Amino acid sequence: MIEEQGRTGEQEERDAVAPGMDDMLSLDDEEWRAVLAALPALVGARARNGERTRAFVDAVLWIAATGRPWVQLSSSAGPWHSVYVRFTRWAHEGLWDKVIVALDAQSEKAGLLRRLVATYLRSRSPEDRR
């Protein structure tokens, strides 16, 4: 049984990647090197010393590509709320702008990230709360 294995059908569905979207949901090695080079020194140094930052960016790409709610992130990405909070922090600090430029602002991945970040920032704008 699935429950005996510690996974539910819902978890498996969340973890499944839509056919043909694999390359849209994660960075290849060349893209990752470009992102690392674009990150500020301290963030970049931490990112070079572990795969967690790459997994984080891949998780955000998954959200951007699928349009799924944050709560549906795979458990392999870490706690969804932690990923979301880090995403918002990067958005406010302008780090996503650097990632988007590093990915070649015209690429499809950059476009997905640009839309996700813009949507988030618009939703948090004080002008929108009037």
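Visitor: What makes up the accessible surface of the chain?
Guide: The accessible surface comes to about 8,000 Å². Carbon and sulfur atoms hold 51% of that surface. Keep in mind that this is a predicted model.

Visitor: How many helices and strands does the chain have?
Guide: Seven helices and zero strands. Along the sequence the pattern reads α-α-α-α-α-α-α. Of the 130 residues, 38% count as buried.

Visitor: Why is the pair Asp 29 and Arg 54 called a salt bridge?
Guide: A salt bridge needs a side-chain nitrogen of Lys or Arg within 4 Å of a carboxyl oxygen of Asp or Glu. Here the N to O distance is 3.0 Å. The pair therefore meets the cut-off. Asp 29 lies in helix α2 and Arg 54 in helix α4, so the bridge ties together parts 25 residues apart in sequence.

Visitor: Are Asp 29 and Arg 54 buried or partly exposed?
Guide: Buried means under 20% relative accessible area, and exposed means over 50%. Arg 54 has 14%, so Arg 54 counts as buried. Asp 29 has 47%, so Asp 29 is partly exposed.

Visitor: How many salt bridges does the structure hold?
Guide: Two. Lys 109 forms one with Glu 31, and their closest N and O atoms are 2.7 Å apart. Lys 109 is in helix α7 and Glu 31 in helix α2, so this pair joins parts 78 residues apart in sequence. Both residues are buried.

Visitor: What makes Asp 58 a residue with no salt bridge?
Guide: The nearest side chain of opposite charge is Arg 54, 4.6 Å away.

Visitor: Which backbone nitrogen does the side chain of Asp 58 reach?
Guide: That of Leu 27, at 2.8 Å. Asp 58 sits in helix α4, residues 52–66. Leaving aside residues up to four places away in sequence, Asp 58 touches Leu 25, Ser 26 and Leu 27.

Visitor: How do you know that the buried residues of helix α2 lie on the same side?
Guide: The buried ones are Glu 31, Trp 32, Val 35 and Leu 36. They cover an arc of only 140° around the axis, which puts them on the same side of α2. On the other side, Glu 30, Arg 33 and Ala 37 are exposed.

Visitor: What does Asp 28 reach at the start of α2?
Guide: The backbone nitrogen of Glu 30. A side-chain oxygen of Asp 28 comes to within 3.1 Å of that nitrogen.

Technical notes
Residues are numbered from 1 along each chain as its sequence is written. This is a predicted model: local features need pLDDT of at least 70, side-chain atom pairs count only at pLDDT 80 or more; totals for chains, interfaces and linings use all residues. Side-chain values use heavy atoms; hydrogens and water are left out. Helices (H or I, at least four residues) and strands (E, at least two) are DSSP runs, numbered from the N terminus. Buried means under 20% relative accessible area, exposed over 50%, partly exposed in between (1.4 Å probe, protein chains only). Lys and Arg count as positive and Asp and Glu as negative; His and the chain ends are not counted. A polar contact is a pair of N or O atoms within 3.5 Å; within protein, one must be able to donate a hydrogen and the other to accept it, and residues adjacent in sequence count only if both atoms are side-chain atoms. Contact means heavy atoms within 4.5 Å. The arc is that of the directions from the helix axis to the C-beta atoms. Accessible areas come from the Shrake-Rupley method with a 1.4 Å probe; for residues, only the protein chains shown count as cover.
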